[in-house]
Amino acid sequence: MKVRTRFAPSPTGYLHIGGARTALFSWLYARKHGGEFVLRVEDTDLARSNAESVNAILEGMNWLGLEYDEGPFYQTERFDRYKEVVERLMDEGHAYRCYCTREEVDAMREEQMARKQKPRYDGRCRIRKEPREGVEPVIRFKNPVEGVTTVDDMVRGRVTFQNSELDDLIIARSDGTPTYNLTVVVDDWDMQITHVIRGDDHLNNTPRQINILKALGVEPPRYAHLPMILGPDGAKLSKRHGAVSVMQYRDDGFLPEALINYLVRLGWSHGDQEIFTLDELIELFDIDDVNHSASAINPEKLLWLNQHYIKTLNHDYVARQLSWHMGQRNVDPSGHPPLRDVVDVQRDRAKTLVEMADASVYFYQDFDEYDDKAARKNLKPEAAPVLQALHGALEALAEWEPEPIHLAVGGVAERLELKLGKVAQPLRVAATGGSVSPSIDQTLYLLGRERTLRRIKKAVEWIESQTVDNT
């Protein structure tokens with residue numbers, strides 16, 4: 001039997017990290033077993049589903065690198081098939097028309113709760129033979145009223161439900177549109193899904209879906225229900241905990257490799273190993289090893305992982321990821337210096353690509369203002385002759401390379417009998433606008449001769465203008 005898993009999001013918003021983890025676990029399980037991974041869009045909620053959300057899901061999947069073998073399939077394109085299955089269930093006596101109004105069902109449940117009973121539809125229309133004038137009926141599945149339904153869950157183990165506790169759920173609304181529990185059953189059946197990996201909020205739906213499959217004479221797939229993801233405070237994950245959308249993590253400067261590594265460790269482990277390549281994950285991952293209890297997000301762990309990948313991944317790849325962030329800052333990184341060279345000098349200094357991008361704009365764009373604190377400390381009147389001497393020494397260099405630049409800066413310090421910091425720091429502020437950068441020789445090398453000399457000259461003029469203004 002070929003393993004076939006699926007990810008079936010509802011396009012009513014962005015791809016959140018809980019859904020991304022479900023997609024990742026489903027993808028890994030299929031890849032480990034040489035199977036196929038299917039993407040299905042459950043868009044039958046016509047009031048809430050929209051094309052923007054579909055695009056957000058596809059964008060998130062693409063960014064994470066979770067390529068799918070089939071799909072995306074859209075449920076709204078399969079209404080004829082759902083209607084066919086509903087009619088079959090009706091013809092074979094497994095479903096019936098229910099003419100109860102919403103008010104009657106609400107009253108029924110209120111009475112049950114008053115008697116301290118579990119609120120559920122009591123099946124009163126099971127035996128109704130005649131239609132009810134003025135009421136468009138829904139169609140309900142005739143759930144077994146005796147015995148038990150057992151879910152042999154790959155994460156939770158065996159979970160047993162009393163059929164008497166499962167009411168006759170609606171499988172088609174009064175307007176004929178199918179409901180979730182019907183469409184998911186038909187889709188999993190038609191798409192030959194062998195393993196359903198999803199959040200544990202679906203566990204109560206599973207026995208109902210198994211009973212529909214059995215009524216159709218279909219062997220149910222294996223189920224694995226993943227525990228939820230909590231915030232750092234142990235509460236249900238929400239927007240107040242920060243980024244919950246996959247693409248928000250992209251916007252915040254995280255690499256997809258870091259988020260993949262982070263998500264897989266939310267509920268799964270392999271000894272004490274923290275960092276995995278994708279090939280290692282495919283080899284080592286097993287759904288049977290997923291924890292039963294909920295996992296809490298740890299933003300510091302994600303930052304640690306992200307910094308690791310920024311430092312260790314190929315600089316051309318990191319540069320491609322960084323390029324998007326530079327574009328967000330109206331920087332065209334296609335010119336000088338090569339972005340991969342910027343990555344090389346900045347990768348040990350940044351935890352996120354946002355930090356790296358913010359710290360690298362000066363390589364490509366001139367600035368109008370200096371950091372106030374850095375300028376007050378380093379661009380004092382006595383720094384002007386130092387910068388003029390540096391301008392002359394750097395302008396005279398035969399080749400613009402880090403080592404000659406380093407020797408030139410050191411030579412100026414020696415000639416002026418100053419500590420290197422008294423020379424290099426005013427130069428750094430003049431060249432970058434701030435007091436923090438990679439080593440001064442690497443910084444100037446990447447800036448280039450022309451840009452460096454122009455900025456030194458500008459800094460000298462700025463110092464002189466400040467001196468005039470203060471007199």
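Helices (H or I, at least four residues) and strands (E, at least two) are DSSP runs, numbered from the N terminus. The model is predicted, with pLDDT of at least 70 required for local features and pLDDT 80 or more for side-chain atom pairs, while totals for chains, interfaces and linings use all residues. Residues are numbered from 1 along each chain as its sequence is written, and side-chain values use heavy atoms, with hydrogens and water left out.

Lys116, in the loop between helix H4 (102–114) and strand S5 (138–141), has a positive phi near 60 degrees. With a relative accessibility of 78%, Lys116 counts as exposed (over 50% relative accessible area; buried is under 20%, partly exposed in between; 1.4 Å probe, protein chains only). Gln192, also not a glycine, has a positive phi of about 55 degrees. Gln192 is placed in the loop between helix H5 (180–190) and strand S9 (195–199) and is exposed, at 56%. Two cis peptide bonds are noted here. The bond from Gly71 to Pro72 has omega near 0 degrees, and Pro72 is located in strand S3 (residues 70–74). The bond from His336 to Pro337 likewise has omega near 0 degrees; Pro337 lies in the loop between helix H11 (315–328) and helix H12 (339–346).

Helix H6 (residues 206–215) has nine of its ten residues buried and is therefore largely enclosed by the rest of the structure. Among the buried residues are Arg208, Gln209 and Asn211. Gly217, with a positive phi near 75 degrees, follows H6.

The axes of helix H8 (residues 256–264) and helix H10 (residues 299–312) come within 8 Å and cross at roughly 135 degrees; axes are lines fitted to C-alpha atoms, for helices over the stretch in contact, and angles run from 0 to 180 degrees between N-to-C directions. The two helices H8 and H10 are therefore oblique (angles under 35 degrees count as roughly parallel, over 145 as roughly antiparallel, 65 to 115 as roughly perpendicular and the rest as oblique). In contact (heavy atoms within 4.5 Å) are Glu257, Ala258, Leu259, Asn261 and Tyr262 of H8 with Pro299, Lys301, Leu302, Leu305, Asn306 and Tyr309 of H10.

Zero disulfides (pairs of cysteine sulfur atoms within 2.5 Å) are found in the whole structure. The sulfur of Cys100 is 3.6 Å from that of Cys125, its nearest cysteine sulfur. Cys100 is buried at 13% relative accessibility, and Cys125 is buried at 2%.
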